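Trainee: Could you take me through one part of this model up close? I would like to hear about the annotated site and what lies around it.

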Amino acid sequence: MTAAETIVRFDEIRDLMKSLLPPDEEAAVIARNRQAQLTKPAGSLGRLEDMAVWLATWQGRNPPSVERPYTAVFAGNHGIAGKGVSAYPAEVTAQMVRNFIDGGAAVNQLCSLANADLRVYEMALDEPTGDMSEGPAMDEEDCARAMAYGMMAVEGGIDVLALGEMGIGNTTAAAALCCGLYGGPAADWVGPGTGIDAARMAEKARLIDQAVALHRDGLDDPLEVLRRLGGRELAAIAGAILAARMARTPVLLDGYACTAAAAVLHALDPRAIDHCLVSHVSAEPGHKHLLQRIGKEALVDLGLRLGEASGAMVAVLLLKAAVACHNGMATFAEAAVSGPGETS
Ligand SMILES: Cc1cc2ncn([C@H]3O[C@H](COP(=O)(O)O)[C@@H](O)[C@H]3O)c2cc1C
Ligand SMILES: O=C(O)c1cccnc1
């Protein structure tokens, strides 16, 4: 495999996409069989059962474990933020990075609760990407390097990788990625983000429509969509998802911005995000449409619209619940409990 630190071109990313590890079907069968023997009516733990089987399948081992969750939050700044698309100023990105380091953000509290290591990856915050409504957000090297940076965040020995982002203006980038990948008017994909009013939301959509029109000749290629309409933190998320696949590390995606980054890989090859679960459905309205496009159902709907991997961390807690039951419960035989239709 190409060493991530040397990647500067999309062709190198395309090469990596050719060697996606398949699911470990043997691990999946073992986990599913175990679920069938545990002391509960068949299927009664619902999606907790699926989560345990998913974890075993993509970790490629039984029993699956969630002792070492790792949370990566990528931070980037966006040229389009200068056009008033967010309720908050661009400085907040760097200020929130400081807050993450000092332990004061929502994601810090959730990581403490889940016993997860949190790492924040700052990506050239003083040099925002280009304004997509006037030109490409990034050149190929900047975008490929951002993806490679995300790949390097994936270390060995991680049980599950929770991904998140921080970047004022990035719900605009997320909506633009969706428009670029799936088409439709931007109004179908935009939302209030940090809390803009209807007039600013209309302007947000107008700017995205302008950007998509400007870049229309390059939008057949999902990596070009990412380069022209995305952002560094979103490219890094895509890179981290890809590297996690190579490392047999299951991934929990966060909200709209994070899923939009994953959708770029899905557009390149629908199998590329099979090892990812969508943690929650964001209150950002485009997220629901996006989940339909990529064929995934979120674990929960809590009305979150924060980002930072906050929803992914709630999902880590659910995953811990799933694994505790899966690994710790007695089987019918062990507990001498009669199975369905058995008489004692
Ligand atoms: C204090 C604060 C903390 C945040 N944590 C995540 N976001 C979230 O809001 C931003 C996206 O919304 P928009 O596109 O409207 O700018 C991202 O940085 C995202 O992670 C935050 C935003 C703020 C203001
Ligand atoms: O769902 C998200 O990713 C989201 C929503 C609002 C603000 N920031 C992120």
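**A close look at Glu308**

Mentor: Glu308 counts as buried because it has 28 C-beta neighbours inside 10 Å; the cut-offs are 20 or more other C-beta atoms within 10 Å for buried, 12 or fewer for exposed and partly exposed in between, with C-beta atoms placed from the backbone. This is a predicted model, where local features need pLDDT of at least 70, side-chain atom pairs count only at pLDDT 80 or more, and totals for chains, interfaces and linings use all residues. Residues are numbered from 1 along each chain as its sequence is written, while chains are lettered from A and ligands numbered from 1 in the order in which they are written.

An unreviewed UniProt entry places the feature "active site" at Glu308; such annotations may be inferred rather than shown by experiment, and the feature names are shortened, with positions in the numbering used here. Glu308 sits in the loop between helix 12 (286–294) and helix 13 (310–328). Helices here are DSSP runs of H or I with at least four residues, strands are runs of E with at least two, and both are numbered from the N terminus.

Setting aside neighbours within four places in sequence, Glu308 is in contact with Val73, Ala105, Ala106, Val107, Gly164 and Met166. Contact means that the two C-beta atoms, placed from the backbone, lie within 7 Å.
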